[in-house]
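Subject: Structure handover

Hello,

Please find the sequence and the structure below. My notes on what was found follow after them.

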Amino acid sequence: MFNSRSRKRAFMAAGLTLPLFLAACSGGGSNDGSSEPGAEKPAGEQVTLTMLADNAENQVLMTEAVIADFEAKNPDIKINFETRPGGGDGDNIVKTRLATGEMTDLFQYNSGSLFQQINPSEYVLPITGEPFLDAVNESFFPTVSVGDEIFGVPHAATLMAGGVMYSTSIYEELGLEIPLTWDDFIANSEKVKESGKTGIIQTYADTWTSQLFVLGDFHNVLANDPDFPDNYTANKINFSDSPYAIRGFEHLQEAFEKELLNRDFAAATYDQGLLMLANGEGAHYPILTFAIGALTEEQLENVGFFALPGDDAAKNGMTSWMPDGLYISKDTKHPDEAKRFLEYMTTVESCSTRDQAIGSAGPYLIDGCELPDSAPKAAKDMATYVDAGTLSPALEFLSPVKGPSLEQITVEVGSGIATAVDGAKRYDEDVKKQAQQLGLEGW
């Protein structure tokens, strides 16, 4: 079962308070003719592994780069790379291939709550106790574990955060300081509005971008109520009756009512929002930091990052998303060779290869890997929270309860169509259906 208490302990111990399916080369993993798991290859024979990952551009670029580097260092192993769609279609492919014994030897998939839903104990090879795990930040392990067993290593080497990407040029022009409380954030946004620019960028044409005031606020929830994830999973508390969890919905309502948003917030897209930020037309864009990868080096010179502020400056910190995991199918015929690839993914060399392929977008989870001087300011800003230990995992890494309709609900609250209370209550009903489908006790 999902052990949220042990996760919290691990995060705390680490100083953290924290989606083209191609035909398989052959069903069931390796295709070199071996028939038994763990079968030894004849001396000098090359082993071929198969690997599945989603088809996002950066994902493909990064995966192809690390495979090429690994193969160059390990000429006795060849890896055939397949891709699949992201999102729900990709989830179904992973689950189907695991259930039918058609999974590749290695596969990339979510960590956190979605990982828990693929029945890892039945389908994924545990790697608990492998020496190469010593190089992985232990904050990652709770998101790829079931009970005492660890199943994966980070596929991407870096953390992602949910918070506020901001315009450094506007901050310099207006003499603003990084806000540590919500009131300071609103005060800064009002000063930006008075200057004739947009205080808070919102882009509801891409509905998923509307969720960050809620999801990115979770560090503040956990800082005030450490038991929230366990009680939430057990249906003992929810968003509408928690004075801390409802704050995200209240922030959405307040930003709309104070007219701090861009006028075209209802029709603006994610790409347009990023341009507004990079061009200095808007000061604050609550968003996930994978947006760093969507901006050019020149645009990133005008962009920083700070955590979404809460009510108490002393509890200020960042809400973080762990990278996807890289796993080994239990049906693999070559577990030792598959583990050698996972070991490679825990090395400084693999960090460097990933950086060269897609750039540095955040702090690392691999020992010895450091942000280069050329890293974007926003990534360096994220690292300050890691160094200070003032970050928490997003709720989806601490509880399997997550409803499918949050983005529609946050659009309504952020557009003045629904109140914060109504939105929180609707989301509580939304997650109830999902919790019941998962068979969680108390629902």
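**Notes on the model**

Asn-235 sits in the loop between α10 (228–233) and α11 (247–257); helices here are DSSP runs of H or I with at least four residues, strands are runs of E with at least two, and both are numbered from the N terminus. This is a predicted model, in which local features need pLDDT of at least 70 and side-chain atom pairs count only at pLDDT 80 or more, while totals for chains, interfaces and linings use all residues. Residues are numbered from 1 along each chain as its sequence is written, and side-chain values use heavy atoms, with hydrogens and water left out.

The phi of Asn-235 is near 60 degrees, a positive value in a residue other than glycine. Most residues other than glycine have a negative phi. Asn-235 counts as partly exposed because its relative accessibility is 31% (buried means under 20% relative accessible area, exposed over 50%, and partly exposed in between, with a 1.4 Å probe and protein chains only). Asn-119 also has a positive phi, near 55 degrees, and is not a glycine. Asn-119 is in the loop between α4 and α5, and its relative accessibility of 34% makes it partly exposed.

The largest nonpolar core has 121 residues. Such a core is a set of buried Ala, Val, Leu, Ile, Met, Phe, Trp, Tyr and Cys residues joined through side-chain atoms within 4.5 Å. The residues with the most contacts inside this core are Phe-107, Phe-239, Phe-249 and Phe-341. Leaving out residues up to four places away in sequence, Phe-341 touches Met-51, Val-66, Ile-67, Phe-70, Ile-79, Leu-106 and Leu-326 (contact means heavy atoms within 4.5 Å).

Phe-341 is also part of a helix pair. Helix α2 (residues 57–73) and helix α14 (residues 335–344) pack at about 115 degrees with their axes 11 Å apart; axes are lines fitted to C-alpha atoms, for helices over the stretch in contact, and angles run from 0 to 180 degrees between N-to-C directions. The contact involves Val-66, Ile-67, Asp-69, Phe-70 and Lys-73 of α2, and Arg-340, Phe-341 and Tyr-344 of α14.

His-155 lies in the loop between β6 (152–154) and β7 (160–167). With 1% relative accessibility, His-155 counts as buried.

**Helix α3**

How far apart are the end C-alpha atoms of helix α3 (residues 87–99)? They are 19 Å apart, which agrees with the 18 Å that its 13 residues should span at 1.5 Å a residue (the expected span is 1.5 Å times one less than the number of residues). The buried residues of α3 are Gly-90, Asp-91, Ile-93, Val-94, Arg-97 and Leu-98. They cover an arc of only 160 degrees around the axis, so they are on the same side of α3; the arc is that of the directions from the helix axis to the C-beta atoms. Asp-89 and Ala-99 are exposed on the other side of α3. The elements covering the buried residues of α3 include β1 (47–54), β2 (77–84) and β3 (106–109). After α3 comes Gly-101, with a positive phi near 75 degrees.

Pro-372 is in the loop between α15 (348–358) and α16 (377–388), and counts as partly exposed at 29% relative accessibility. Apart from residues up to four places away in sequence, Pro-372 touches Asp-355, Ser-360, Tyr-364 and Lys-380.

The 12 residues of α16 reach 17 Å from first C-alpha to last, close to the expected 16 Å. Its buried residues are Ala-378, Ala-379, Asp-381, Met-382, Ala-383 and Tyr-385. Among the elements that cover them are β7, β10 (303–306), β11 (318–321) and β13 (391–393).

In helix α17 (residues 406–414), the buried residues are Leu-406, Ile-409, Thr-410, Val-411, Val-413 and Gly-414. These pack against α8 (212–215), α11 and α18 (420–438). Asp-430 lies in α18 and, at 9% relative accessibility, counts as buried. Leaving aside residues up to four places away in sequence, Asp-430 touches Gly-403, Pro-404, Ser-405 and Leu-406.

Regards
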